[in-house]
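Below are some notes for a colleague who is meeting this structure for the first time. Please read them with the sequence and the model side by side.

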Amino acid sequence: MATVPAPAKGKIRRSALAGGLRALRRSKMMTLGLGIMSLVCLVALLAPWIATHDPLYLDPMNRLQAPGPDNWLGTDDVGRDVFSRVVYGSRVSLLVGALVVLSSNLIGTLIGLMSGYYDKVDKVVMRVMDGLMAFPTTLLAIAMMAALGARMSNVIIALSIVYIPRVARVVRGVVLTVRELAYVEAAVAIGAPAWKIMLFHILPNCLDPIIVQSSFIFAQSVLSEAALSYLGVGIPPWIPSWGNIMTGGRLFINAAPWMTWFPGLAIIICVLGLNLFGDGLRDLVDPRLRGVL
Amino acid sequence: MKGYILNRMLALVPTLLIVATIGFMLIHLTPGDPAAVMLGEEATEETVLQLREELGLNRPVLVQWVSWLGKVARGDLGQSFFLHKPVLEAITERLETTLLLTAYGLAIAVVLGVVMGIVAAVKHNTAVDGSLMVVALLGVSMPSFWLGLNLILLFALRWKLFPAAMYVPLADGLWSCLRSLTLPAVTLGFVSAAPIARMVRSSMLQVLNEDYIRTARAKGVHERAVIVFHAFRNALIPTVTMVGMTVGSLIGGAMVIEQVFALPGVGRLVLSSIGRRDYPVIQGILLYFAAIYVVVNLVVDILYVYLDPRVKYM
Amino acid sequence: MAITESADQRLLEINELQTHFFTDDGVLPAVDGVSFHIDRGETLCVVGESGCGKSVTAHSIMQLVPTPPGRYVSGSINFEGRNLLELTREEMRQVRGREIAMVFQEPMTSLNPVHTVGRQIAEAVRLHRSESKKEALVMAEEALRLVKVPDPHRRVHEFPHQLSGGMRQRAMIAMALSCRPKLLIADEPTTALDVTVQAQILELIRSLKAEVGMAVMLITHDLGVVAEMAQRVVVMYGGKVAEQGTVGEVFAEPLHPYTRGLLSCIPRLDQERGELQIISGQVPSPLRFPTGCRFHPRCPEAMDICREEPPPATSKDGRYVACWLYDAGQGGGK
């Protein structure tokens, strides 16, 4: 089982973010990734102004049009403008990704801290986490969506449940190594309460791997949500998401490939940015994590 | 060693227990009454109550749970509500396609990923390394179904090299069966090869810097042998773990790809069952493949000990 | 005459070797014009502080320097008349292990952890002599017996992590000697070992040398080892050779101020008690070698010219020194 290597020289690793701008300058990958993500965020924020049409407006007379001056990325099988739908789709992907990252980190970190610190908790909880991780991720997500029903909130819940064990495992790994360190022993010796130790001594060491992993969880969420929506068990069809735009595309792949190409390219760009950022950050923070995160 | 294997197999039991429990909980995740949801809006109260009796939903949860565990232990995954046959039977009917697709995809992923990773590591910091890693990065960032759709467009529809959506069963001949699975397997394989390639490359780079590689060269070992017999043999250890994880993503990926390529596999069964609200089938499939994945990981664990003599398996 | 005689005797001859490292921070002239030779069957010690280029010199002979940042800029390494730097990769590969073998400093990490010790030794055997797997393993066991590893029959099937540091180093030596090379390069083979084990390993090298009839190039920073093991010694500093000669000559009458400093650092029982001697200053970083003579900032006898010009080499009858003190033009003399 892969574990996160101990912090160098037993000191608290200064969070990479403390180096902020300096970190950006040192890693071209990170900067590129951040740049791409900023672009995507900008598009999502300014969607109402960037989109050329109403993404939900049906225009059957205009269906399956190739990209042109009126419809920059063409129209789909019921005449909706693909460009506008892709633009609005960015909102869904970013929202879902961000909320999944947030909730899985919050709950996962809590579980990991408790598990790493208290052995009794560890035995029970990690079994459950291992049990959850025993399911192939996509299949688990599909099954949960089947039970819960296809709504955006359920997508977020389902994906969070999928990623919580992974966050918990990484955090637990850090806690296990850090709690053996001298300064934690010292804190315990002077009678510091557990929550203080966890918050001020252990948690700072977890920040770097958590942040690096968050980037990858975000990326995976975008891909998973797209797959779920594509299959029809994710975001409902009345909210344009990159995945469900492609659902219709399959039948018309020959007649109107743009229905498939452009939302897919949007996914690739977004996920690429996230992966670049994550790679760059991880290499900066601790290249040894390459096998683990 | 045998003791270790036995040990690990015994350790499976609690894991499988928890897996079965999580699977059991699935049907109860449904907001509202699962029986009512399954029957749809037209259902009368009587039919709903009848279904609840059939599914045993009226008993206390604990009883349901124990009875479920007992059934699963005997291999009974329940009864398909829609198809009127045991879930297990429904699964095994379609298993061939899915397993073949997964295996074929795994083979492509491992071969492609390992080769890419080794070449990139050996040609570190050259254009070859750079371009291979760009390709790998794209592979990791790409939705598999998008790639599948594009491959259909290119190879099946525009260039007519491969069949688009015609699965040929194994019984009709190995070659035509594999040929019909090639495009979907390549899709799955490429997307799964990318993370393997990245990990193999970083593993190899680490290993190639080790002192024992220098020793091997100092002995006069051929560079090819240095890379494969000395370096990769060490990089194999984390790679095997990663390949184990890849099987998990391949199983899920296969379900998606089956939809793209209209293959008559378990994925198709899952998706149609969702539409029909056939919860027992969904539960059963979830459990079935989780069990497969658990066994795969057991094999990986055992392999790990076999590959790395430093690991104490006491 | 004397030339043909010594040419036959000369096993290895390094001429003005320059191995530089080209990094983002600048060029490191790790080995910057090094010349010395080793005769058949003799033991030569290369001595100097960390960073003087002795390790890089040894790696250069075997061409094991990582060549993205490193490069063999100029000079020649003649082994039995052939310039190793001009060989093809395949030809050099054949030299390694069979003609010249090398043992490294860190026995804990120098053996492949996933293969048995026997298999790794057998690999060396099979590379240079065509034996079957079985025969090679038998020879591996023999090799372990030769280096006095206890219970070699069992050890042959064990993995490196099951052996102690001393035993691993013995196994490394067994591996190196399995093909009876003409030259063994040992790069600080005992530095990472306990003192008692050190003595054993050095004794082992000495006895094996007699048995195999090979030359030994021993790299060390420990002058005691030099006195014990070597016939001749090369003193290196700052990527260059400071002084060369037989051990007797150099120890009795060290010419270069650096050598004198090194020798005086060793406390002697018959010395008067007082402060221990040191060489003031620090070893310079290869990125910023001092101008002129590289030792001049730390040299108690530095003259003005030492700061400006690198010293010329003065050699006579195998004795060599690179110091302005001995340049005829400067009025010094041997």
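1. In chain C, strand 1 (residues 10–23) and strand 4 (residues 70–79) run antiparallel and are joined by eight bridges. One pair to look for in the view is C:Ile14, whose bridge partner in strand 4 of chain C is C:Ile77. Please keep in mind throughout that this is a predicted model.

2. These two strands belong to an open sheet of four strands in chain C, ordered 2-1-4-5 and paired in the antiparallel sense. The edges of this sheet are taken by strand 2 (26–39) and strand 5 (82–83) of chain C, each of which pairs on one side only. Helix 2 (residues 54–62) of chain C lies across strand 1, strand 2 and strand 4 of chain C, and its direction makes an angle of about 70° with strand 2 of chain C.

3. Chain C also holds an open sheet of eight strands, in the order 6-7-8-3-9-10-12-11, and here the pairing is mixed. Strand 6 (100–103) and strand 11 (313–316) of chain C have a single partner strand each, so they stand at the edges with one side left without a neighbour in the sheet. From one strand to the next, the twist averages 15°. Within this order, strand 3 (residues 43–47) and strand 8 (residues 215–220) of chain C pair in the parallel sense over five bridges, and C:Val46 stands opposite C:Ile219 of strand 8 of chain C.

4. Chain B is built otherwise, with twelve helices and zero strands. Its C-alpha atoms fill a box of roughly 80 × 60 × 35 Å along the principal axes, and of its 314 residues 46% are buried. Where contacts in chain B join residues at least 6 apart in sequence, 73% of them link residues at least 24 apart.

5. Which residues make up the contact between chain A and chain B, and from which elements do those of chain B come? The contact takes 41 residues from chain A and 45 residues from chain B. On the side of chain B that touches chain A, the elements giving two or more residues include helix 1 (2–29), helix 8 (174–208) and helix 12 (279–307) of chain B, while the largest share, eleven residues, comes from helix 10 of chain B. By class, this side of chain B has 34 nonpolar residues, eleven polar residues and no charged residues.

6. The largest nonpolar core has 171 residues, and those touching the most other members are A:Ile142, A:Ala143, B:Met204, B:Ile285 and B:Leu286. Helix 8 of chain B gives the largest share of this core, 17 residues. Leaving aside neighbours within four places in sequence, A:Ile142 is in contact with A:Leu228 and A:Val233, and also with B:Met255 and B:Val270. Apart from this core lies another, of 100 residues, among them C:Ile205, C:Met214, C:Val216 and C:Val226.

7. A last point concerns confidence in chain A, where the pLDDT averages 85 and 89% of the residues score at least 70. Among the elements of chain A, the highest mean pLDDT, 93, belongs to helix 4 (residues 82–117) of chain A, and the lowest, 67, to helix 1 (residues 20–26) of chain A. Over residues 8–13 of chain A the pLDDT is below 50, and this stretch has nine contacts in the model beyond near neighbours in sequence.

Methods
Residues numbered from 1 in each chain as written. Chains lettered and ligands numbered in written order. Predicted model: local features only at pLDDT ≥ 70, side-chain atom pairs only at ≥ 80, totals over all residues. Pairing = 2+ DSSP bridges. Contact = placed C-beta atoms within 7 Å. Axes fitted to C-alpha atoms, helices over the stretch in contact; angles between N-to-C directions. Nonpolar A, V, L, I, M, F, W, Y, C, P; charged D, E, K, R; others polar. pLDDT = per-residue confidence, 0-100. Core = buried A, V, L, I, M, F, W, Y, C linked by C-beta atoms within 7 Å. Buried ≥ 20, exposed ≤ 12 C-beta atoms within 10 Å, placed from the backbone.
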